[in-house]
Amino acid sequence: MDLRLPFSGEVRAVSFLESSRSSFRQLRVGFCTKQKKGTNSSRRVCCSMQQGPPPAWPGRAVVDPGYTSRDGPKPISIVGSTGSIGTQTLDIVAENPDKFKVVALAAGSNVTLLADQVKTFKPQLVAIRNASLLAELKEALADSDHKPEIIPGEEGVVEVARHPEAVSVVTGIVGCAGLKPTVAAIEAGKDIALANKETLIAGGPFVLPLAHKHNVKILPADSEHSAIFQCIQGLPEGALRRVILTASGGAFRDWPVERLKEVKVADALKHPNWNMGKKITVDSATLFNKGLEVIEAHYLFGANYDDIEIVIHPQSIIHSMIETQDSSVLAQLGWPDMRFPILYTLSWPERIYCSEVTWPRLDLCKLGSLTFKAPDNVKYPSMDLAYAAGRAGGTMTGVLSAANEKAVEMFIDEKISYLDIFKVVEVTCDAHMKDLVVSPSLEEIINYDSWARDFAANLQTSSGLSPVPA
C-alpha cells in the first residue's frame with residue numbers, strides 16, 4: 001500500500017473514496033417521493049434517507065402526549081464528570097438546584113476534582129475508571145461528611161450510567177469507552193444527554209435500534225446538533241428538506257492551502273472562537289469535527305448525506321440551520337457557550353430561565369454582521385473522507401473516527417505532520433473496506449475501533465511518516 005501522498009494543492013483520491021461512492025450508488029434508497037395524480041412528475045415530500053438504522057428523531061421532534069412537568073429536581077447521572085462536558089453540566093446543576101440533582105458521578109483519573117464534586121453535589125454512587133486510584137479517592141474523601149458508595153473500574157462506570165434513580169444520563173466520556181455505559185443506560189431505560197460522539201458515529205447501527213426498543217430518547221448536547229434539534233421542534237412529518245451544519249473554519253480558515261505543510265502543533269491549537277481541549281481543537285482545524293457531525297446528523301435526524309451541507313460561519317453565532325420543504329430556513333443563534341445546548345438537553349421539552357448575569361444574552365446590534373462561505377475541499381479533505389465513510393456505513397464510520405483520534409494523538413505528540421492526519425485516516429479506511437460489517441454487533445464495533453487505532457499507529461512507525469521539517 002503506497003503511503004506517499006505528497007501535498008501539491010489537492011489530495012489524491014484512493015480506492016476507499018472510489019469504492020464507497022460506488023457502493024453508495026448501489027445501496028441508496030433515493031428520495032422519498034409522491035406521485036402527483038394525473039401527472040408524470042413527482043415532488044419531494046420528506047428528507048431523503050439512506051438504508052440503515054432508524055434515526056433518533058426522524059426529521060421532527062414531538063413531545064410525548066402524556067408529558068407532564070416534573071415535581072422536584074430531575075435526578076441525573078454524569079459519566080465523565082471531570083471533563084469539559086461534565087464540569088459544565090455540574091455548573092448548571094449548581095445554578096438550578098430546584099431543577100436538577102446528581103445521583104451518580106463517574107470520572108477517569110482526576111481524583112482531586114472528583115473528590116471536590118462529591119463533597120459539593122453529594123451523589124449516592126461514585127466511580128473512578130482508573131481502579132488503581134481507588135485508595136487515593138477514598139483518602140481524599142476521608143474528611144467528608146458524605147460517604148457515597150464507590151465502585152472502581154469499568155464496572156463502576158456502567159453502574160453509574162444505569163443508576164436506578166437517574167432519569168437522564170450525561171455521557172461526557174471520550175471515545176469508545178463511552179459505548180458500554182451508554183448501552184447500559186439505554187437498556188435501563190435512561191434518556192441520554194449525548195456528548196459522546198462515538199455513541200452514534202461508531203455505535204449508531206447498534207445503539208439506535210436498541211434505543212427504539214427501550215423507548216429511550218437520545219438528546220444531542222453538542223451545539224450543532226442541539227441547534228438542529230431545536231429547529232425541528234414541532235415540524236410536521238416530512239417537512240425537513242436539508243440540514244446545514246455551520247463550522248467556524250478552525251485555526252486555518254484564513255491560511256492559504258499552500259501554507260498547511262508548515263503547520264506546527266501550536267498553530268493548530270489556536271482556535272479563534274472556542275476554548276476546548278486539544279483533540280477537538282485540532283479536529284476543528286482539520287474540519288474532521290464537522291465531518292463527524294455530518295455522520296451524527298444522519299443518524300440523529302435521518303437525513304440523507306446528499307441533504308447535509310457544511311457552511312463556514314466564522315462568528316459561530318448561528319450554530320446550525322435546517323431548510324424545510326417550502327424553502328424556509330430556520331436557524332438557532334447564541335453566543336459560543338456549551339452550557340446552552342447542555343441545559344436544553346437536560347430540560348427538554350421545557351425552557352429554563354437563565355440569569356443574564358451568568359448567561360449573557362445575544363445582542364445582534366452589538367454583534368453587527370454574520371458571514372458565510374463554502375468550505376474548501378482541498379484545504380479540508382476530511383469532508384470527502386467523512387461523507388465517504390458515512391455512505392459506506394456500518395463499521396466504517398467508527399474506523400474513520402478511531403483512525404482520526406489516533407492520528408491527532410500522533411500529531412500532538414509530533415510523531416507525524418499535520419497533513420499526515422488526512423493520509424493516516426484515508427489509508428486506514430481504505431484497508432478496512434474488505435472487512436466492512438454493515439450491521440455490526442457491539443463487539444464488532446469495539447473490535448474495529450481497536451483495530452483502527454492499532455493500524456493507524458503502525459502506519460506511523462512503518463510508513464516513514466514524520467513531522468514536516470522546520
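Reply: A residue counts as buried under 20% relative accessible area, as exposed over 50%, and as partly exposed in between (1.4 Å probe, protein chains only). The model here is predicted, so local features need pLDDT of at least 70 and side-chain atom pairs count only at pLDDT 80 or more, while totals for chains, interfaces and linings use all residues. Residues are numbered from 1 along each chain as its sequence is written, and side-chain values use heavy atoms, with hydrogens and water left out.

Me: Is Gln-332 buried or exposed?

Reply: Gln-332 has 16% relative accessibility, so it counts as buried. It belongs to strand E13; strands (E, at least two residues) and helices (H or I, at least four) are DSSP runs numbered from the N terminus.

Me: Which residues is Gln-332 in contact with, leaving aside neighbours within four places in sequence?

Reply: Contact means heavy atoms within 4.5 Å. By that criterion Gln-332 meets Ala-227, Gln-230, Cys-231, Ile-317, Ile-318, His-319 and Ser-320, once neighbours within four places in sequence are set aside.

Me: How many of the residues of helix H9 are buried?

Reply: Nine of the nine residues of H9 (residues 223–231) are buried, so the helix is largely enclosed by the rest of the structure. Ala-227, Gln-230 and Cys-231 are among them. The buried residues of H9 pack against several elements, including strand E10 (240–247), helix H12 (288–301) and strand E13 (329–333).

Me: How many residues has the largest nonpolar core?

Reply: In soluble globular proteins, nonpolar side chains tend to be buried together. A nonpolar core is a set of buried Ala, Val, Leu, Ile, Met, Phe, Trp, Tyr and Cys residues joined through side-chain atoms within 4.5 Å. The largest one here has 103 residues, and Leu-400 and Tyr-418 have the most contacts inside it. Helix H16 (residues 396–412) gives the most to this core, with nine residues. A second, separate core has 27 residues, including Phe-100 and Val-102.

Me: What does Leu-400 touch, not counting residues up to four places away in sequence?

Reply: With those residues not counted, Leu-400 touches Phe-288, Leu-292, Ile-295, Leu-385, Ala-386, Ala-389, Val-425 and Cys-429.
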